[in-house]
Amino acid sequence: PLDPKIINNSLFSATSNRSLALVYVNPDANPDDRNSEQNVLFEFDISSSHHDKESFSRRPFADVSHLSQFDSEEETLFMIGTNFRFNRESIHYNAE
């Protein structure tokens, strides 16, 4: 079977600062309560090795750290329609 993929439908940003990302994850969420809101932490491996020069120059993300109001944000902006593929073996529940 094909690996699952997510295609975002809006602009969104992410940080490469894991400790900052964990600030936004609710440590009090009950993962066993299917009716409660759950937060998800995604880790991206962004690599140019799978792209030729032309497609890499049109990459749908950019490091915008230099534009951030906060120096420690280490922010990357992802464009609408960015495709994220992940393999099933890399999915971990309740992992730090």
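Author: What follows is a set of questions and answers on aromatic pairs, strands and loops.

Author: This is a predicted model, in which local features need pLDDT of at least 70 and side-chain atom pairs count only at pLDDT 80 or more, while totals for chains, interfaces and linings use all residues. Residues are numbered from 1 along each chain as its sequence is written, and side-chain values use heavy atoms, with hydrogens and water left out.

Reader: How many aromatic pairs does the structure hold?

Author: Rings of Phe, Tyr and Trp (its six-membered ring) pair if their centres lie within 6.5 Å, and planes under 30 degrees apart count as stacked, over 60 as edge-to-face and the rest as tilted. By that criterion, the number of aromatic pairs in the structure is 2.

Reader: What is the angle between the planes of phenylalanine 12 and phenylalanine 78, and how far apart in sequence are the parts that this pair ties together?

Author: The pair is stacked, with 5.0 Å from centre to centre and an angle between the planes of 15°. Strands are DSSP runs of E with at least two residues, numbered from the N terminus. Phenylalanine 12 lies in strand S2 (residues 12-15) and phenylalanine 78 in strand S4 (residues 75-78), so the parts tied together are apart in sequence by 66 residues.

Reader: Is phenylalanine 78 buried or exposed?

Author: Buried means under 20% relative accessible area, exposed over 50%, and partly exposed in between, with a 1.4 Å probe and protein chains only. Phenylalanine 12 has a relative accessible area of 25% and is partly exposed. Phenylalanine 78, at a relative accessible area of 2%, is buried.

Reader: Which class of pair do the rings of phenylalanine 61 and phenylalanine 78 form?

Author: Phenylalanine 61 stands opposite phenylalanine 78 in S4. Their ring centres are 6.0 Å apart and their planes are at 40°, so the class of this pair is tilted.

Reader: Which residues do ring pairs link into a cluster?

Author: Phenylalanine 61 lies in strand S3 (residues 61-63) and phenylalanine 78 in strand S4, so their pair ties together parts 17 residues apart in sequence. The cluster linked by ring pairs consists of Phe12, Phe61 and Phe78.

Reader: Over how many bridges do S2 and S4 pair, and over how many do S3 and S4 pair?

Author: Two strands pair if DSSP finds at least two bridges between them. For S2 and S4, where the bridge partner of alanine 14 is threonine 76, the sense is antiparallel and the number of bridges is 4. S3 and S4 also pair in the antiparallel sense, and there the number of bridges is 3.

Reader: Which backbone nitrogen lies 2.8 Å from a polar atom of the side chain of asparagine 8?

Author: Asparagine 8 lies in the loop between S1 and S2 and is buried, with a relative accessible area of 10%. A polar contact is a pair of N or O atoms within 3.5 Å; within protein, one must be able to donate a hydrogen and the other to accept it, and residues adjacent in sequence count only if both atoms are side-chain atoms. The side chain of asparagine 8 reaches the backbone oxygen of serine 10 at 2.4 Å, and the backbone nitrogen in question, at 2.8 Å, belongs to threonine 82.

Reader: How far apart in space are asparagine 9 and glycine 81, C-alpha to C-alpha?

Author: Asparagine 9 is placed in the loop between strand S1 (5-7) and S2, and at 68% relative accessibility it counts as exposed. Asparagine 9 and glycine 81 are 72 residues apart in sequence, while their distance in space, C-alpha to C-alpha, is 5.7 Å.
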